[in-house]
Amino acid sequence: MRQAKIERITRETEVRLTLDLDGPTGGKIASGLPFLDHMLEQLVRHGRFRLDLDARGDLEVDVHHLVEDVGIALGMALERALGDRVGLERYASAFAPMDETLVHVVLDFSGRPYLAFAPESADVEGAAGGVNVYHLREFLRGLVNHAGLTLHLRVLAGREAHHVIEASFKALARALHAATRVTRDDLPSSKGVL
């Protein structure tokens with residue numbers, strides 16, 4: 001059973017989530033930030049897993065803490081759900097277009113956290129529901145650091161924040177689905193450890 005339950009409580013946020021990589025697609029998502037909920041729903045639908053999330057944060061201060069901490073909790077859940085990673089496909093890449101926008105995600109469940117994403121080079125304008133590409137970077141940073149994931153995200157086209165962020169979540173979802181499949185009997189590493 002590739003499942004995990006995470007509870008992360010700080011002075012700024014409370015995040016409770018349950019992840020099932022092989023469960024029926026869907027779940028209940030409630031963060032108090034409608035745009036983040038919309039993005040997580042895209043992640044679930046296109047990643048084809050189940051996520052139940054109940055989160056709240058100090059949105060009166062900014063959306064940053066909540067977005068980052070949801071990324072951290074999701075990364076922790078992925079790490080636990082993947083277990084020893086025996087049989088894991090490990091690598092994946094995916095493109096996602098959205099109108100004028102095109103995003104490419106490449107990832108590796110290597111056990112070595114690394115994020116290659118520079119929002120300033122993407123030249124993206126504005127925000128969507130209070131979320132901008134810098135918040136996307138912090139979500140991804142929390143995710144990779146706690147999942148032991150190497151992730152490269154490139155914005156190949158697009159400048160409008162909503163489209164860039166949504167295409168990023170969709171490309172991430174498709175790559176996560178492919179990389180977390182069990183496709184072999186051994187550990188996908190010549191080192192014998194991930």
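Biologist: In which hand does α4 pass α5 in their crossing?

Modeller: This is a predicted model, in which local features need pLDDT of at least 70 and side-chain atom pairs count only at pLDDT 80 or more, while totals for chains, interfaces and linings use all residues. Residues are numbered from 1 along each chain as its sequence is written, and side-chain values use heavy atoms, with hydrogens and water left out. A crossing is called left-handed if the near helix is turned anticlockwise from the far one by less than a right angle, and right-handed if clockwise. On that convention, the crossing in which α4 passes α5 is right-handed.

Biologist: At roughly what angle do the axes of α4 and α5 cross?

Modeller: Helices (H or I, at least four residues) and strands (E, at least two) are DSSP runs, numbered from the N terminus, and axes are lines fitted to C-alpha atoms, for helices over the stretch in contact, with angles running from 0 to 180 degrees between N-to-C directions. The axes of α4 and α5 come within 10 Å. Angles under 35 degrees count as roughly parallel, over 145 as roughly antiparallel, 65 to 115 as roughly perpendicular and the rest as oblique, and α4 is therefore roughly parallel to α5. The angle at which these two axes cross is roughly 20°.

Biologist: How many nonpolar residues are there in the contact of α4 with α5?

Modeller: Contact here means heavy atoms within 4.5 Å, and α4 contributes V133, L136, F139, L140 and L143, while α5 contributes V164, I165, S168, F169 and L172. Ala, Val, Leu, Ile, Met, Phe, Trp, Tyr, Cys and Pro count as nonpolar, Asp, Glu, Lys and Arg as charged, and the others, Gly among them, as polar. The contact of α4 with α5 has 1 polar residue and no charged ones, and the number of nonpolar residues is 9.

Biologist: Which residues of α1 and α2 make the contact between these helices?

Modeller: Helix α1 (residues 34-47) and helix α2 (residues 64-82) pack at an angle of about 25°, with their axes 12 Å apart, and the two are therefore roughly parallel to each other. Their crossing is right-handed. By class, the contact has 7 nonpolar, no polar and no charged residues. The residues are L36, L40 and L43 of α1 and L66, V67, V70 and L74 of α2.

Biologist: How many salt bridges does the structure hold?

Modeller: Side chains of opposite charge can pair when their charged atoms come close. A salt bridge is counted where a side-chain nitrogen of Lys or Arg lies within 4 Å of a carboxyl oxygen of Asp or Glu. A network of such bridges links E7, E14, R16, D54 and R56. For the structure, the number of salt bridges is 16.

Biologist: How many residues apart in sequence are the parts that R2 and D22 tie together?

Modeller: The side chains of R2 and D22 meet in a salt bridge, at 2.9 Å from N to O. R2 lies in the segment before β1 (3-9) and D22 in the loop between β2 (13-20) and β3 (29-30), so the pair ties together parts whose separation in sequence is 20 residues.

Biologist: Is R2 buried or exposed?

Modeller: Buried means under 20% relative accessible area, exposed over 50%, and partly exposed in between (1.4 Å probe, protein chains only). D22, the partner of R2 in the salt bridge, is partly exposed at 46%. With a relative accessibility of 13%, R2 counts as buried.

Biologist: Which residue forms a salt bridge with D123?

Modeller: D123 sits in the loop between α3 (119-122) and α4 (133-147), and its partner, 36 residues away, is in the loop between β8 (150-157) and α5 (161-179). D123 is partly exposed, with a relative accessible area of 45%. The closest N and O atoms of the pair are 3.2 Å apart, and the partner is R159.

Biologist: What is the phi of R90, which is not a glycine?

Modeller: R90 lies in the loop between α2 and β5 (91-98). At 7% relative accessibility, R90 counts as buried. Although R90 is not a glycine, its phi is positive, at about 85°.
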